[in-house]
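Good morning, and thank you for coming. Please look at the sequence and the structure on the screen before we discuss them.

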There are 2 protein chains.
Amino acid sequence: MDQSVCPDKSPLSSRQHEVLSAVLDLMVEEGDRFSMAAVARRASCSKETLYKWFGDRDGLLTATVRWQAAKVAMPPLPQTQLTRDAFAAALEAFAANWLNVITGDVSVALNRLAIAHAGSGKSGLGRIVLENGPFEMARRLEPVFLAGRDAGLVEFDSVETAFRTFFGLVVADSQTRALLGDTSRPKPDQIGRWAAHAVARFLQVYGAAARPAGKSN
Amino acid sequence: MDQSVCPDKSPLSSRQHEVLSAVLDLMVEEGDRFSMAAVARRASCSKETLYKWFGDRDGLLTATVRWQAAKVAMPPLPQTQLTRDAFAAALEAFAANWLNVITGDVSVALNRLAIAHAGSGKSGLGRIVLENGPFEMARRLEPVFLAGRDAGLVEFDSVETAFRTFFGLVVADSQTRALLGDTSRPKPDQIGRWAAHAVARFLQVYGAAARPAGKSN
DNA sequence: CCTGTACCGTACCGTTCGGTACGGCGTCAA
DNA sequence: TTGACGCCGTACCGAACGGTACGGTACAGG
């Protein structure tokens, strides 16, 4: 009996990646209403192989989510000697990239699946997406924020709060609307513009240089 | 043959409301993995009655979502002679209420269901939640924003953009995390504090009185 | 050549579930 | 009293699906 790949690490063969890719396609097309038979058909493999490799349906889904989540890579934000413009540009690039990812078909499908499973059932799909989504975003952003503070470009007490504000300003209602099936997808230039606006507002709130006289007047 | 209640308006009997309430409970407990038999058992009615009243499973779900969505009522924001404090207080109350609703069990369950159905299937559940969620929020907020602008308290070009910023600052990543199963639910006082912070930041960005010299400096 | 292995395709099994049919019971009106 | 009606409880049906078993094929190694 070959040990299945489900538990943790992924020495996945290319054939197995083909299967995962097929699953991803099915997810985008059908949500999670696709059968194991459909996966086997799409990937031109047998159900028996599917079960041998991934254990059960949940194992297959988990492997797919993990694999896709690992593929999403953020552009490494440069911490080199920060000027204000470089800082803002880095944040803008990050925000635009994030928005692109989040409103993409695969991300929407993945989040829908994870959310559905988080509601009814165990299977840490929600946890995985959470870990590779907002939490990972926070993890990547934290050193940048700290560098920005060290450089005297921004001021904040809690990195956590700053991150949540940034998240809110960038993502706003885009994700919720996409998940609920709103078809009005932002175009690339709109994304870029919104990212710029979001960063501008963020700096307006947290920017050390832009602090007016009184906090609330 | 009694005309089923699914198409549009709702002259629902109290008995039917009991059924819908049972469905809502099931949703919170089981996501959407509950059977019609389970609903009948919980509501102490027969499956046949269920189908007679609501047509099919989707009709039952739709009726439930509609009914719950209609129950969510925002406190009517007073447009009486706005002072800055009254304006801020109204926004804070609105934000806190919204956060309370959105992080509540039933709202999370409802959104999960709608999102899952938006992904795989027709059934305008996503549309309904969208319409009664963010869109309704925007609709209620718009006159308040306009009144605030008329009173010289805030400045903005696009109400749409202002609303999305407000939404982002208030909701941030709370909803995403809740939907994905993050168990760290904010306590009431934390919600109040966050709402106050969000409104403060909103006014910092859009407040007419707080506008510094340059837009981005 | 033979043997083992890994895989594909398909048939198969048990269960669950949406939807329907039927028998029985309480209620109300004539 | 009688009959019509609305509803409950349960049994039933057909389809779909998760998971397993089996036969057939290609290929590697000896």
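A nonpolar core is a set of buried Ala, Val, Leu, Ile, Met, Phe, Trp, Tyr and Cys residues joined through C-beta atoms within 7 Å. Buried here means that 20 or more other C-beta atoms, placed from the backbone, lie within 10 Å of the residue's own. This is a predicted model, in which local features need pLDDT of at least 70, side-chain atom pairs count only at pLDDT 80 or more, and totals for chains, interfaces and linings use all residues. Residues are numbered from 1 along each chain as its sequence is written, while chains are lettered from A and ligands numbered from 1 in the order in which they are written.

Which residues touch the most other members of the largest nonpolar core? They are A:A95, A:V170, B:A95 and B:V170, in a core of 65 residues. Helices α5 (84-102), α8 (134-150), α9 (159-171) and α11 (188-206) of chain A, and those of chain B with these numbers, each supply at least two residues of this core; helices are DSSP runs of H or I, at least four residues, numbered from the N terminus. Another core, of 60 residues, lies apart from it and includes A:A63 and B:V39.

Let us turn to the domains. The assignment, from an automatic or database source, gives chain A domain 1 (14-68) and domain 2 (72-206). Domain 1 of chain A brings 11 residues to the contact and domain 2 of chain A brings 12, where contact means C-beta atoms, placed from the backbone, within 7 Å. On the domain 1 side, α4(A) gives the largest share, six residues.

Finally, in α6(A), 13 of the 15 residues are buried.

How values were computed: A residue is buried if 20 or more other C-beta atoms lie within 10 Å of its own, exposed if 12 or fewer, and partly exposed in between; C-beta atoms are placed from the backbone. Two residues are in contact if their C-beta atoms, placed from the backbone, lie within 7 Å.
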